[in-house]
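Me: I am new to this entry and would like to learn how to read it feature by feature. Could you take me through it slowly?

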Amino acid sequence: MTIIDQTDAVPAPRDGEDTGPLLDVRDLHVEFHTREGVVRAVNGVNYSVNSGETLAVLGESGSGKSVTAQAIMGILDMPPASIPQGEIRFHGRDMLAMSEEERRKIRGARIAMIFQDALSSLNPVLSVGFQLGEMFRVHQGMSRKDAKAKAVELMDRVKIPAAAARVNDYPHQFSGGMRQRIMIAMALALEPDLIIADEPTTALDVTVQAQVMDLLAELQREYRMGLILITHDLGVVADVADKIAVMYAGRIVETAPVHELYKRPAHPYTRGLLDSIPRLDQKGQELYAIRGLPPNLLKVPRGCAFNPRCDRAQDVCRTDVPPLVQVTEQDGTALPGRASACHFWKETIHG
Amino acid sequence: MSEKTIERPTTDEAALAKEIEADEKAAARQASLLKDGWADLRKRPMFIVSGLVILLLLALAVVPGLFTARSPFSDGFCQLQNSMTPPTSGHLFGYDVQGCDIYTRTVYGARNSIIVGVVTTIATTLIGGLVGMLAGLIGGWIDAVLSRVTEVFSALPLLVGGLLIMSIWGGGDVWSVSLIMAVLGWPQVFRIMRGEVISNKYNDYVAAARALGAGPGRIAFRHILPNTLAPVIVITTMNLGVYIAAEAALSYLGIGIQYPNISWGLMISDAQDRFLTSPHALLFPAGALSITVLAFIMLGDVVRDAFDPKMR
Amino acid sequence: MADTTEATEPGDATPNVSPLEVADAHSVEEKVAALDAPVERGEPILQVRNLVKHFPLTQGIIVKRHVGAVKAVDGVSFDLYQGETLGIVGESGCGKSTVAKVLMNLEKATAGEVFYKGQDITKLSGRALKAVRRNIQMIFQDPYTSLNPRMTVGDIIGEPFDIHPEVAPKGDRRQRVRELLDVVGLNPEYINRYPHQFSGGQRQRIGIARGLALNPEVIICDEPVSALDVSVQAQVINLMERLQDEFNLSYVFIAHDLSIVRHISDRVGVMYLGRIAEIGSDEQIYEHPTHPYTQALLSAVPVPDPDAREGRERIILTGDVPSPANPPSGCSFRTRCWKAQDKCAEETPLLAVPERFKGLDTPAAHESACHFAEEKDVVHAG
């Protein structure tokens, strides 16, 4: 198991403006123009990731968590999508202001993405060795032979058994877990600074899911990468995340370090989610269920988007959109990294 | 956390129902998929244009007498002394080589075109749909045999098949031409129907119906058939135009409709020799044919956009 | 009326396999009557014995040659007691969904029997089979494909009455459908809507209402919430629990999510490659698992508690599930098992209370198909 040696051709993990976070998303908006009207999928999202840090973005379908990631990667189809507002600063530079050429250099090499469905993300008619090697041939001008050797090395790195023998196999000849490893290998190939993993284990079985999450965490530690993990699974988040951003209807409703969030959520939606999942290690009576349905993005409720489903909702929730504000202890000391977009966060966290 | 899970008040189902109700109110305006499709169609200008053209054609076919006072079958309709006279005020399309009024013949030609198109479409849809449904539903060796049979039919080119059937049965009227095209055309509908049935019969709602104890008839007609109709409707609409064009092509080549019957294809064939001196004899029937075919194909196009959910 | 044909397994209070009571019914009338007879709470209502389902692998188009078989279900036995929920968990390809299909008679069993109230339903046909259908219903996984998109909600939920007209007189049916909608928490006014106008959770409620229409006694639930959003899952689970109490239902609850299965089940069977690896009460399986596969499965489940991540021991299995077309000899789990020895390759372990726990009054004394079964708590930290 060899570590890919650092060559000059690989961009150094950091350069230039080194201050501030690795990735900083500021007030990002994404809209989709459809026949039924304008869908505001992302509505002013702020989050940041540092090197070596894992940010989990938690949300249900339609919360905008994947759209945000696609906007960061620059793989949104525009149109129908558009980004009317916001900044995505990578190493301090706003990627939305860059030329397409500059962004392409970042994509894959500096920021890589892992998708949920590995089978459809790999080209079925090319061998996995060729696809892995392509990264080196295209970005680093390596020869075919060297690239293949690198591919074997990478497959070893992600613990694919008999890598040298399987390098010429095609994607369909691998199992789901192995394909996801190949995706990870591909994302890692150029040692990016940031990996975005969009539901990387949702399609996998429990035992395989554990293997893949373990591998991802190990590699992240080793390369000191930033990781954005997009998921709906509160269990996976608790296992690997450092900090969490909870999304609902295109907005971040709560951010917190992982231990804090599970101990005392500061937003009724987070609390509801935590209470509504059954636990492996205890048998409850009846599950708490958040009532109603996730909102239709074509007609997001006025005020706080969560108000029709919220136990705490008052008149103010139906009129004013709550800003994401700093969460403090009862005595007023600020809780670092914690924020909540609820008019009644104090009541929610302190009871 | 654990105590909390247990102590939290249980969800009030009535409140939940109310919540869902509120959320659904906006959706209440919507109706069925077919009605959705219709509502969608009505808004499209292409549908209105092609629909109007087709309505006009239907009127021509059903009551040609409304559009022309003359009858092409009456004695003295054709006067040789008028041969190839260009359009005049009383005879807007002029005369053909036999001295017959082209306008009247074009109007009456619409009837045969429409009859061939409609009859062939109905025949191919019924035969292909029924056989395709059987093959898809039953599967096994019956499906294998039927599929091979359709391959034999669809391997025959239209012209060769037309020649073959004409030489066996003779004919030369709308019915024989429709028969030829139906015999050669049904495999297309068969293939679509069979594919749709197969892709639908493994759906969970079919399994659910079986689990309820539904018999094969109910599963076929209540569950599978309605879900296969949209693509069949689309292909049927498109085929109307295609068959009308094919009839003209056969007649033009002399193996379709024969004298004394009227056909646009036949009129084009007759006029082509003198195209340079008297273009009107060719242009008017050819224009009528083009507009007709285009109208049906446009209609098929908008119908597909409206009814095919995958295109939405 | 009934006679005992099989000896009892020695063991605990709720045995996986209890004495078989074969109903003595010969004419169709007798069979239907026996199928509609009530079963007392706590008595076995469904008894599955050595169920096998192999899907043949063939080659050639016209002349089909057998080249093997996918052993989707390979000898499964269990009982379902009246009023209980039996959870069946396993990873994809373990055969759990095939079990559901065979129980519903949607697939024909290759071998084995499914006794419902003492009659082997795999051998019934005609009116008797229809009577079974009335009493055993199913909830499907995918709320998007399990409802016919061309039928209104009223037609979907009312269809059971068209097929079994004796259940509700014609005039009452619309009213019954409205009641069913109300029971599952949907507005009865939406009877004329189409499925695409509902969200996933609402569609699943419609599917549940359809399953309830005939007043069944047993409902087979195949991954009923796995396609739903987290916040909606809890609603549907609560609804299913409420309906169970209200209508005295017995559930076979098939799922891959171990947390949900624990929440809803009274007893749990763990499947691996077409066989049951371990079966017992929810406490026995989750707190005192003895089969290494169960232990690995449980330890792999992410627990929504960040404090537990350091303290918990995690067993990370190597490799993938072998193909059911070519399962390993002996114990099918041995290729991924850290305890495997020569014996495991030679001898297929039987599903029984392990020798070492036999006769002991311990929760570990439940059926486990492992030569080297030992207890290990993997769910709790430390």
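Predicted model: local features only at pLDDT ≥ 70, side-chain atom pairs only at ≥ 80, totals over all residues.

Me: What is the phi of Asp27(A), and is Asp27(A) buried or exposed?

Reply: Most residues other than glycine have a negative phi, and most peptide bonds are trans. Asp27(A), a residue other than glycine, has a positive phi near 50 degrees. As for burial, a residue is buried if 20 or more other C-beta atoms lie within 10 Å of its own, exposed if 12 or fewer, and partly exposed in between, with C-beta atoms placed from the backbone; Asp27(A) has 11 such atoms within 10 Å and is therefore exposed.

Me: Where is His91(A), and is His91(A) buried or exposed?

Reply: His91(A) sits in the loop between strand 4 (81–90) and strand 5 (93–94) of chain A, and His91(A) has a positive phi of about 50 degrees although it is not a glycine. Because 21 other C-beta atoms lie within 10 Å, His91(A) is buried.

Me: Where does Gly108(A) lie?

Reply: Gly108(A) belongs to the loop between helix 2 (100–106) and strand 6 (111–114) of chain A, and with 18 C-beta neighbours inside 10 Å Gly108(A) counts as partly exposed. Separation along the chain and separation in space can be read side by side here: Gly108(A) and Leu194(A) are 86 residues apart in sequence and 9.7 Å apart in space, C-alpha to C-alpha.

Me: Which residues of chain A does UniProt list for "domain: ABC transporter"?

Reply: UniProt positions are given in the numbering used here, feature names are shortened, and annotations may be inferred rather than shown by experiment. The unreviewed UniProt entry lists residues 25–274 of chain A under that name; in the model this span is 41% helix and 27% strand, and its end C-alpha atoms lie 26 Å apart.

Me: Which residues of chain B does the annotation "transmembrane region" cover?

Reply: According to the unreviewed UniProt entry, the annotation covers residues 47–67, 114–142, 149–169, 175–193, 228–246 and 282–303 of chain B. Among these, residues 114–142 are 97% helix and 0% strand, with end C-alpha atoms 35 Å apart, and residues 175–193 are 100% helix and 0% strand, with end C-alpha atoms 25 Å apart.

Me: At what angle do helix 4 and helix 12 of chain B cross?

Reply: Axes are lines fitted to C-alpha atoms, for helices over the stretch in contact, and angles run from 0 to 180 degrees between N-to-C directions. The axes of helix 4 (residues 45–62) and helix 12 (residues 280–307) of chain B come within 9 Å and cross at roughly 135 degrees. Angles under 35 degrees count as roughly parallel, over 145 as roughly antiparallel, 65 to 115 as roughly perpendicular and the rest as oblique, and helix 4 and helix 12 of chain B are therefore oblique to each other.

Me: How many residues of chain C are in contact with chain A?

Reply: Two residues are in contact if their C-beta atoms, placed from the backbone, lie within 7 Å, and 39 residues of chain C are in contact with 40 residues of chain A. Helix 7 (230–247), helix 8 (258–264), helix 9 (282–287) and helix 10 (292–300) of chain C each supply at least two residues of the chain C side, and the largest share, eight residues, comes from helix 7 of chain C.

Terms used. Residues numbered from 1 in each chain as written. Chains lettered and ligands numbered in written order. Helix = DSSP H or I, 4+ residues; strand = E, 2+ residues; numbered from the N terminus.
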